[in-house]
Each structure stands twice: as C-alpha cells, then as structure tokens.
Amino acid sequence: MRHIAIVGSGPAGYYTAEAALKQWGDGVRIDIFDTLPVPFGLIRTGVAPDHQSIKGVSRRYEATALTENVRFVGNVMIGRDVTISELQNLYDAVILATGAPNDRKLGLPGENLANVFGSAAFVGWYNGHPDFADLDPALSHDTAVVIGNGNVALDVVRILAKSNDEFEGSDIVAHALSALDASRIRKIVILGRRGPHQIAMTPKELGELAHLTRACPHVDASDLPDEADDAVLDPGQRKSVGHLRAFASANFCAEQEVVIEFDFFAAPRAILGKDRVEEVEVERTRLDNGKAVGTGETYRIPAGLVIACIGYQTSKIPDVPYDEHSGHFSNEEGRIRPGLYCVGWARRGPTGTIGTNRPDGFAVIEKVATDIGDGASKAGRPGFDALANERGVQYVKFTDWQKIDKAEIANAREGAPREKFVHVDQMIEAATRG
Ligand code: NAP
C-alpha cells in the first residue's frame, strides 16, 4: 500500500490524485489537504465568476474525490497544524499542489497606498475568498488602472466594466455585486509595458470585451504594428491581435458608459497619492530586443483604484526550499527532496490553463512511482488521524463540503448557481448544521 498526501485541493491537486488512482488503483490511499474547508482552489476562488463553464471542471474533481481511496482533509494548514516533516513521516510521498496564491510585487514607490491591490486580493474579493472578503475596495473614482496584459487583467477589467445584469448566472459574491452596482468607474486603463504583439491575452477572453453591454474597448491605432507583421505570430496570438485591430477601428466608444482604454508601451513607475492612490506615473517605453526600455517621457493618469495583474508567487512553507527568483518551490522536475514533490503552479510558476495541470499531475506521479515502489509501511491515514486527534485539529471531510455546497446552492439569489460563504466560520457552521 502507498500512502500519498497531496497538499492543495485545486486543479493540480485533483489531477495528481486522478493520476495516482490510475497508477495504483486500490493500492493507494490519498489524502488531499487544504487550508480552507472547501475544495477546488483556483476553480472556486480564481476563475472568474462569469466563466461558469470553466468552473464545470470541478465535477471531474468531484468524481475523483468520491472515490473511496481519496479523502479530503479540509481546514488544515500545513506548517501550522502539522509540519511538512510530520507529513513526510506519515506518508510515502507528500506532493505540494499549493498553487501560487500571493501577488508578485510591483516594486514601485507608492504601491502600499490605499486602494492599490494585487489581482490575488481583488479577484479573491469578488470570488469570496475568506482572506480577501473584507477588502472593501473603493470604486468611487471615475478611473481605474489595471496593470498587466495577461488574462487575469482581462478578468479584472471585465468584472469592473460589467453592468449588474451581466452578472446573471454568475456566482459573484453578494458584497462584490452590490459594490460594483454602485461603482462610479467609467474609464479603465490597461497598462501594458510592451506592445500589442507581446500581450499574453488569449483570443476568446480578449474577444469578450467586444460584447459588453455598457462598455467598449479602445486601442490607439498608432500603437499597432503593420498588419503584415502579424505573420510572425502564432495563430492564437494573431487572433488576439486581430481583436485589438478591431478595437482600434471600432468607432462606438462615445456612446458607451464605460471605456476600456488599452495603453501600450506604458510602464508604471510610481503610484502617487497622500493616503490613497490619486495618480499613476507612467513612462513611455519602446522595445529593444523584445524588452521594454524607458524612453524618458513620463505622464500621469489620475486614478482612484489600481490593480496590478502581473503574476503570482507560491506561498512559502517552513522547511521547504524555495526559489526566490521564480517564486515557487525549488525542484528538479517536481522532485524537491526524497519523499517531497511539487506540481502545478507550485512547481513551474503561474502559467498555462487549468488543463495544463493534468499532464503535470501525471508526470509527478510517474516520478513518485519510480521513487517509492511498493511503499514503505508508513502509517498514512490512521497515523494522521491520531496526530490530528492529539492536537485537537478538527478537519473538514468531503461529506462536510457537500453540506456546505448544498447550503450555498440553497442560498443562491435568483439566476445564480450559488451564494458562497465568504468566511471560514460560516462554512464550518454550514457543515455542522447540514
Ligand atoms: P501572465 O499571463 O503572465 O501576464 C502577466 C502580465 O503582467 C504580462 O503582460 C506582463 O508583461 C505583465 N507584467 C509583469 N510584471 C510587470 C511589471 N512589473 N510591470 C508591468 N507589467 C508587468 O499572468 P496572469 O494574467 O496573472 O495569468 C496567469 C496564468 O493564468 C496565465 O497562464 C493565464 O493565461 C492564466 N489565466 C487564464 C484565464 C482563462 O483562460 N480564462 C484566466 C485567467 C488566467 P510582460 O509580458 O512584459 O512580462
């Protein structure tokens, strides 16, 4: 028998569990740990609330979760409730699938001013992550600046730009819906430090901006390279740049309530303000061998909200080697040290789609299989239960999550799939009550 602990119940965690079941069938017991009492990580608290079809993948994880050999162990924080070395003593392999939940820092003066957020915090706020449910961003100024040219920037812009009606069918949490309803933001500037050919936005997501009811995207045509130059792009990039070209030629922004302005070749240099953000100082850039270099020309954008969507970092865990430069655990193709592995964003950084984590999960299980053979008679589940009991750690099981899930669905406003609990004690209460 092999005993496997997976830390993190997001896509990487569940795909890894799926791979372990394929590898060993009844010859494995898998415990999936999570800090929160609710599973599915990024699917619940990262994927945009108006992208419900992407969230549908959680049904696949549920099928894995309901397998007898897999167990959800929620509301347990590794490093606080149990250490990594204790887990390693109990399980043949410990696989860290903890994602990259922390914002990378801009490293600019003024980034700690009020109403300057990273996307992890802002996305967590509208998705009801307990750590950010009380963020309370002020949406009272007419201009917001969103930094970064990736898909997370697009999510944030779209959420800021949508009217209340456009959230029908989404699971955006009530506190965000009512704050956005009262929002005075009428201009959203997306700062890209490089140009249209360098965006990391995918075509489907970028194209969505053209279908918003009260907002329209606008690109300055002079920022676009000659159309013939698009030939060097791969088909996806070409399609994305095609959308930008359409945004440059569309002439309907004057009639729309909210304008989404793409500002390319624009690197933020400072966030200015007394207590909270009032302006963003930007330096015009040019490309030098694909890199953005400052031209010395600067300007200021008056703004009351700044959201930096510039990537994420993995949280550190005591006693686990960490690569500061890359922002994830130090590893060799998933191996950290004997018996300790990482997978997904915790292994490779925040890149790729949800599905990219599936081959990642299968690859790490191949390595685990080579390393642990038939297993080493570790205590596994009963050993963890004894430790949890001794420490008074009350973990949340998958059946408890099913009660929370049921209560959230029952609490849904009309047209919404659920109303999420946004505080851990509410979740625990629903699990106990259900
Ligand atoms: P990303 O794709 O890496 O984009 C980050 C952006 O931030 C880049 O445009 C980057 O510009 C810019 N940036 C980085 N540091 C900066 C700085 N100091 N100043 C100004 N700009 C800076 O990251 P992401 O948007 O967080 O997305 C993470 C992953 O999740 C991606 O793989 C993404 O596709 C995926 N995702 C997918 C979906 C979806 O499919 N619907 C939704 C959300 C996220 P440079 O290129 O110049 O470095």
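Which residues of α6 are buried? In this predicted model, the buried residues of the helix are Ser-119, Ala-120, Ala-121, Phe-122, Val-123, Gly-124, Trp-125 and Tyr-126. Because 8 of the 8 residues of α6 are buried, the helix is largely enclosed by the rest of the structure. Gly-128 follows α6 and has a positive phi, near 75°. The loop between α6 (119-126) and β7 (143-147) also contains Asp-136, a residue other than glycine whose phi is likewise positive, near 55°. Asp-136 is exposed, its relative accessible area being 62%.

The overall architecture of the protein was examined next. Its secondary structure consists of 15 helices and 19 strands. The radius of gyration is 23 Å, which agrees with the value near 22 Å that a compact globule of 434 residues would have. Along the principal axes, the C-alpha atoms occupy a box of roughly 65 × 50 × 40 Å. Of the 434 residues, 55% count as buried. Among contacts with a separation of 6 or more, 74% are accounted for by residues 24 or more positions apart. The accessible surface amounts to about 18800 Å², and 48% of this area belongs to carbon and sulfur atoms.

Asn-75 is located in the loop between β3 (70-73) and α5 (84-90). With a relative accessible area of 19%, Asn-75 is buried, because the cut-off for this class is under 20%. Asp-136, at 62%, is exposed.

The surroundings of a further acidic residue, Asp-263, were then considered. Asp-263 is placed in strand β10, which comprises residues 258-263. Its relative accessible area is 12%, and Asp-263 is therefore classed as buried, the limit being under 20%. When residues up to four places away in sequence are not counted, Asp-263 touches Val-189, Ile-190, Leu-191, Gly-192, Arg-284, Tyr-299 and Ile-301. Of these contacts, Val-189, Ile-190 and Leu-191 fall within the range given for strand β8 (187-191).

Salt bridges number 33 in the structure. One of them joins the side chains of Glu-18 and Arg-358, with an N to O distance of 2.9 Å. Glu-18 belongs to helix α1 (residues 11-24) and Arg-358 to helix α12 (residues 357-372), so this pair ties together parts that are 340 residues apart in sequence. The two partners were assigned to separate accessibility classes: Glu-18 is buried, with a relative accessible area of 10%, whereas Arg-358 counts as partly exposed at 27%.

Another salt bridge is formed by Glu-257 and Arg-186, whose closest N and O atoms are 3.7 Å apart. This pair also links distant parts of the chain, with Glu-257 in the loop between α10 (235-249) and β10 and Arg-186 in the loop between α8 (174-181) and β8 (187-191), 71 residues apart. Glu-257 is partly exposed, at 44% relative accessibility. Arg-186 is also partly exposed, with a relative accessible area of 30%.

A salt bridge between sequence neighbours is provided by Glu-205 and Lys-204, for which the closest N and O atoms are 4.0 Å apart. Here Glu-205 is buried, with a relative accessible area of 15%, while Lys-204 is exposed, at 56%. Beyond individual pairs, salt bridges that share partners join Asp-50, Asp-155, Arg-158, Lys-162 and Glu-208 into one network.

Terms used:
Residues numbered from 1 in each chain as written. Predicted model: local features only at pLDDT ≥ 70, side-chain atom pairs only at ≥ 80, totals over all residues. Heavy atoms only, no water. Helix = DSSP H or I, 4+ residues; strand = E, 2+ residues; numbered from the N terminus. Rg over C-alpha atoms; globule rule 2.2 N^0.38 Å. Buried < 20%, exposed > 50% of the residue type's maximum accessible area, 1.4 Å probe, protein only. Contact = heavy atoms within 4.5 Å. Areas by Shrake-Rupley, 256 points an atom, 1.4 Å probe, with all protein chains shown as cover.
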